[in-house]
Amino acid sequence: MTSDQPSSPSETEISVVESAPKRRDVLASVTVGLGCAGACALAYPFLDSLNGTRGENAAEDDTIEVDLSAIAPGQQVIVKWRGWPVFVQRRTPDMLAALRAPGLDQRLRDPASTIMQQPKDAANWHRSVVPEIGVYVGICTHLGCVPNYDPPSTADTSGHYACPCHGSQFDAAGRAFKDAPAPYNLPVPPVTMLTPNRVQIGKSKGDPGFDIANIQQI
């Protein structure tokens, strides 16, 4: 699943968004390239935050809303929720087909999402509320680095995630590959689709009792 270093800026740059303390739209505002050193440096505060999953202002409002209309098929944005980077991707038909490719399940650690790394309404083959939109906490379950997103290309239409530090690999649904160090799938936060182009992160309509503090990774 590893790929050569992408050559075009669109494949090496990602957008990171700071979330407002109240419910507001959040879209990409700062573009940065993440290499191994940068990803690992970012991982320290995120790893520390795993010991306490709510920020100081969480009691006021623990949700953010993301406008999906600016995300092109095959691309993603990164927003911030509870101090964590959260990947929000829009999948292409080829990406969805790749998630169900023959033989893929045998290469994954937990293809059916039997381990609690997601709410009940995301325990499916696409690990999301709707197939076209994937939402994942961008923390590698090996040592807490921030995986890079390799968008679909002519050579590989599946799209996937790769840890730049230790080689962990995840498919477009955040499912961990067996031949890499990450022991669990990427966490899925509670998500509610408000409209086809607006998603709320922080509450799950399909699993209202879900608490991300109880997932296996934490």
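In the protein chain, 63% of the contacts with a separation of 6 or more come from residues 24 or more positions apart. The model is a predicted one. Of the 218 residues in the chain, 48% count as buried. The accessible surface of the chain is about 10000 Å². Carbon and sulfur atoms hold 51% of that surface.

The protein chain contains 3 helices and 11 strands. Along the sequence, these elements follow the pattern α-β-β-α-β-β-β-α-β-β-β-β-β-β. Two of the sheets are described here in turn. Strands of a sheet pair through backbone hydrogen bonds, in either a parallel or an antiparallel manner.

E3 is joined to strand E11 (residues 198–201) by 4 bridges, and the two run antiparallel. Within this pairing, Asp 67 has Arg 198 in E11 as its bridge partner.

Another open sheet of 3 strands runs in the order E7-E8-E9. Here too the pairing is antiparallel. The edges are strand E7 (148–150) and strand E9 (169–171), each of which pairs on one side only. The twist in this sheet averages 25 degrees from one strand to the next. Between E7 and strand E8 (residues 160–162) there are 3 bridges, with the strands antiparallel. Asp 150 stands opposite His 160 in E8.

The cysteines were examined next. A disulfide is a covalent bond between the sulfur atoms of two cysteines. A search of the whole structure returned 0 disulfides. Cys 140 is in no disulfide. The nearest cysteine sulfur to that of Cys 140 belongs to Cys 163 and lies 4.3 Å away.

Terms used. Residues are numbered from 1 along each chain as its sequence is written. This is a predicted model: local features need pLDDT of at least 70, side-chain atom pairs count only at pLDDT 80 or more; totals for chains, interfaces and linings use all residues. Side-chain values use heavy atoms; hydrogens and water are left out. Two strands pair if DSSP finds at least two bridges between them. Axes are lines fitted to C-alpha atoms, for helices over the stretch in contact, and angles run from 0 to 180 degrees between N-to-C directions. Buried means under 20% relative accessible area, exposed over 50%, partly exposed in between (1.4 Å probe, protein chains only). Contact means heavy atoms within 4.5 Å. Accessible areas come from the Shrake-Rupley method with a 1.4 Å probe; for residues, only the protein chains shown count as cover. A disulfide is a pair of cysteine sulfur atoms within 2.5 Å.
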